[in-house]
Each structure stands twice: as structure tokens, then as C-alpha cells.
Amino acid sequence: MASLLRRRHTHPSAASVSAHLLRRFSALPDLDPSPASAPVPTPTVAVPAAPRASIIDLQLAVRAATDPDRLHALVASALSSPDYHRLHTSRPLFSLAAARLARFHRPDLTASLLDQLLASAPATPGILARALSLFPAPDDAIRAFSSSPPAARSDVSLSALLSALLRAGRLDELKSTFKSAESALGVAPGCASHNVLLHALVKTSEHAAARKLLNEMAKKKFKHRPGPDIISYNTVLAGFSAKDDAEEFEKLLKEISENKLEPNITTYNCRVQWLAKKEETFRGEELLDVMESKGVLPNYVTYHALVQGYCKEGNVGAAMRVFKKMKVMKRREGRSDLRVSVHALTYMVLFRSLLENERLDDALWICNSCFAMKAAPPFDAVKGLVDGLVKGGRSADAKDVVTKMNFLVNGDAKVTWEKVAGKLSIEKGAPSSNP
């Protein structure tokens, strides 16, 4: 969306990565130095490199590679090298390689790399599940699962196969695969696979079928159904929230308590979103204290629901309070622990709501927060802010906003911004409020 925040990216060039990394991981089988040119070996004690450091170097080389074939060769040669102990367990490496190859539009190389991973790694459900989650097409995932040894097949890997079908939107095939899993694939669907099926039913608005399946899982008399976990309930809870079914929503919350299941962040987010939708956002904010007492850390979904709810109710003061609370918690706890990163949509909702309520100082603060992160706010909202500042005699602040936008906006968006900026009228006014 053109109105969403546009982030100014600065990509490191390939030259920024040391050349020795690329040389180190290049597969060059045709090079065979002659004995005459080879140096005379001297007795030394070999000190092997730390495996973690080597894998990190490999990740840097993968990130720096600008040719998909070379990228594939880097990881493929490492998989066949004895120098990398348990390379197959490096989830970040293979996720990065798959993502990079996807940007190069080379699904064939991704599938080839994952096939080599499965061929060289121990046959375990975890490794198979990880590979299935990264295959670019569900047909590749089906092929890999069908050819996998029995030791790698379990509810974990079956759920990964079903998830691949779910992501591809092949829901009928998902249901048929689930139904025939035990007879055709030798795996009885467990809780993880049932949760994927629940997700599929909710996605297709088959809420009654999802509720029926959840009830069967909860009742002990259905031996072919595993007991539900909190993910099972969260999935159906979110479905009835979207359906706006208050009766079923409250029943599910009661069942979670009765079954002594511990609510997680998804459960609390469902409750916060539900209360915000019912214009009872203050009750949703009260849940933050409950979450803290339970050791459940809120995330950007939690805070966005609260900010959006207060803005919808016209309580922009409370929205700003929640927004600043999130910023304070991020600084106090650390981004890596809390993982509370402000979503672009949160800025957009709050920024516009502040302007509608003529809270120019707060709107300017939000705008400058965007600038500090090298992000350009929505153009129409910036125009409203500049117009409001000029109208209030704060032309210096308005000029400062326009100057920073001119610097941040680039690419195709720059043409659009220049058209917006060309229609702005900034007259001389009061001094800037910025220090």
C-alpha cells in the first residue's frame, strides 16, 4: 500500500564482506595444484575452527552472494564437507538460503538444496519438518515426505506437510491427506496435525466443523483423537472472534480454564482484540498486568490492538499512553527479549487519529519517531501535519518535516512525494519547536 510507511533501506554491497569468505566457500574441484608448486608441509598442531564461527561465516557469504548458482554451490559444498559438524541443524542458514533463492526466483535451486540436506542429514522428524517448511512448492514437500524413511515420519513432519498445503491454499488436498495419513503414509495424525486441520477449517469459515473437531479432541472417548492443547483452542477462539460469536468465544475461554491449559500470548491477544472490537479497550489494557504476572510478554499485536481500539473510541490520549508504554518497555527489557517492534500500521492509525483530534504536538512527535528510524510516514498524513503546523504559525516545524521527507523518500515513491510536496504552501511563521 502506498500509504504505508516507506523505509529507507541501505544495503551493504558485496564488497563489504571480506573476499576471503567467498573464496573460502567456493567449490573449485578443477583446481589441483601440482606437487612442484605446493609448499613443503611443516609439522604443526591443527587447531580446528569453531563450528559456530564457520557457520556464521558461511551465512555471511550466503548473504553476500549475488549469483544464485554460486549461493547454491556455497551451501551444497558445505553440506558435503566434513569441516561442518551438524550443519544440518542450522535453521537460520537454510532459512536464509531459501529466502535468498526465492528473491532470485530460483525455486529449482531451493528444492535441490533441501533435497541434498535431507540426503546428507540423519533421518529425523525435526529435520524433515524443517525442510518441508522451506520447500517452495507443496508438490516438492509431498515428494520429499513420500520418499522419506519411516524414521523421519511422525506427527511433527506430517503437520509440516499439511502446513505446506495450507499455505498453498490446497485445502481439499490437505483434508484428504489428513484423512488417509495413517493408511497411506503410515502416520497417525497427532495434536500438531489436528491443529493444522483446525486452522484450515477456520480459514474456510467452517466454524461448526472446527468446533465439532475440537470437542472430539477434548472428549476422552474418541481414541483416534489426541487431546487438545492451547494452540487448538487459540485457533478456534480466533475463528469465533472473527465471526463475532460472543457466546462461543466466552465458552472457549471457560473451557481453557476448566481444562487447566495455560493461556499464551496468542490467547491474550485474542482477548485484547475482542475487547477492543467491543469498545472496551480499557479492559484489554488491564490484561497487560495479568500477562505480566503470568510471565507472558506482550508483542506488537497486543499493543496495536490497544492503540487501534482507543483511537476507534476517540481516546487518543490513552492511545498515546499505550504507545509510549510500549516504547518504554522495549528500552527497559531489550528488543531481543520483548520483540515489541512498532508495526507500520500502528503508526498510521495513531498518526491519523492524532491529526483528526488536532493533537499536533503528539503527531509531530510520532512523525519525528518515524524519521529517527529512517522511515517515511504516510504521505497524506504528513500533508495534514504540515498544513496544521503552517496554520498554527509553525512554519519552521513544517519546513523541517518536509526537508526530512525529501531526504528519506526514494525510489518510485519519490515522484509521488514530490507531487504532494509541490502542493504544500509553507509560509513564514513561528520558530521551530525542535531544539
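The buried residues of helix 6 pack against helix 4 (91-103), helix 5, helix 7 (138-146) and helix 8 (155-167). This is a predicted model. Its secondary structure comes to 23 helices and two strands. Of the 435 residues in the protein, 45% are buried. Take contacts between residues at least 6 apart in sequence: 66% of them join residues at least 24 apart.

**Helix 6**

- Helix 6 spans residues 125-134, and seven of its ten residues are buried, so the helix is largely enclosed by the rest of the structure.
- The buried residues of helix 6 are Ile-127, Leu-128, Ala-129, Arg-130, Ala-131, Leu-132 and Leu-134.
- Arg-130 is one of these buried residues.
- Helix 5, one of the packing partners of helix 6, also packs with helix 3, as the next group shows.

**Helix 3 and helix 5**

- Two packed helices are described by the angle between their axes and the distance between the axes.
- Helix 3 covers residues 68-79 and helix 5 covers residues 107-120.
- Their axes come within 10 Å and cross at roughly 0 degrees.
- Angles under 35 degrees count as roughly parallel, and helix 3 and helix 5 are therefore roughly parallel to each other.
- On the helix 3 side, the residues in contact are Pro-68, Asp-69, His-72, Val-75, Ala-76 and Leu-79.
- On the helix 5 side, they meet Leu-109, Ser-112, Leu-113, Gln-116, Leu-117 and Ser-120.
- An α-helix has 3.6 residues a turn, so residues three or four places apart point the same way.

**Helix 16 and helix 19**

- Helix 16 (residues 300-312) packs with helix 19 at an angle of about 20 degrees, and the axes are 10 Å apart.
- That angle makes helix 16 roughly parallel to helix 19.
- The crossing of the two helices is left-handed.
- Helix 16 contributes His-304, Val-307, Gln-308 and Cys-311 to the contact.
- Helix 19 contributes Leu-345, Thr-346, Val-349, Leu-350 and Ser-353.

**The aromatic pairs**

- A pair of aromatic rings is described by the distance of the centres and the angle of the planes.
- With ring centres within 6.5 Å as the cut-off, the count comes to four aromatic pairs.
- Phe-323 is buried, with a relative accessible area of 0%.
- Tyr-347 is buried too, with a relative accessible area of 2%.
- Phe-323 also pairs edge-to-face with Trp-365, at 5.9 Å centre to centre and with 85 degrees between the planes.
- Trp-365 lies in helix 20 (residues 360-372) and Phe-323 in helix 17, so this pair ties together parts that are 42 residues apart in sequence.
- Trp-365 is partly exposed, with a relative accessible area of 34%.
- Ring pairs link Phe-323, Tyr-347 and Trp-365 into a cluster.

**Lysines over tryptophan rings**

- Lys-324 lies over the face of Trp-365, at 5.1 Å from the ring centre.
- Trp-365 is also part of the ring cluster with Phe-323 and Tyr-347.
- Lys-278 lies over the face of Trp-274, at 4.7 Å from the ring centre.

Note on methods:
Residues are numbered from 1 along each chain as its sequence is written. This is a predicted model: local features need pLDDT of at least 70, side-chain atom pairs count only at pLDDT 80 or more; totals for chains, interfaces and linings use all residues. Side-chain values use heavy atoms; hydrogens and water are left out. Rings of Phe, Tyr and Trp (its six-membered ring) pair if their centres lie within 6.5 Å; planes under 30 degrees apart count as stacked, over 60 as edge-to-face and the rest as tilted. Buried means under 20% relative accessible area, exposed over 50%, partly exposed in between (1.4 Å probe, protein chains only). Helices (H or I, at least four residues) and strands (E, at least two) are DSSP runs, numbered from the N terminus. A charge sits over a ring if NZ of Lys or CZ of Arg is within 6 Å of the ring centre and within 35 degrees of the ring normal. Axes are lines fitted to C-alpha atoms, for helices over the stretch in contact, and angles run from 0 to 180 degrees between N-to-C directions. Angles under 35 degrees count as roughly parallel, over 145 as roughly antiparallel, 65 to 115 as roughly perpendicular and the rest as oblique. A crossing is left-handed if the near helix is turned anticlockwise from the far one by less than a right angle, and right-handed if clockwise. Contact means heavy atoms within 4.5 Å.
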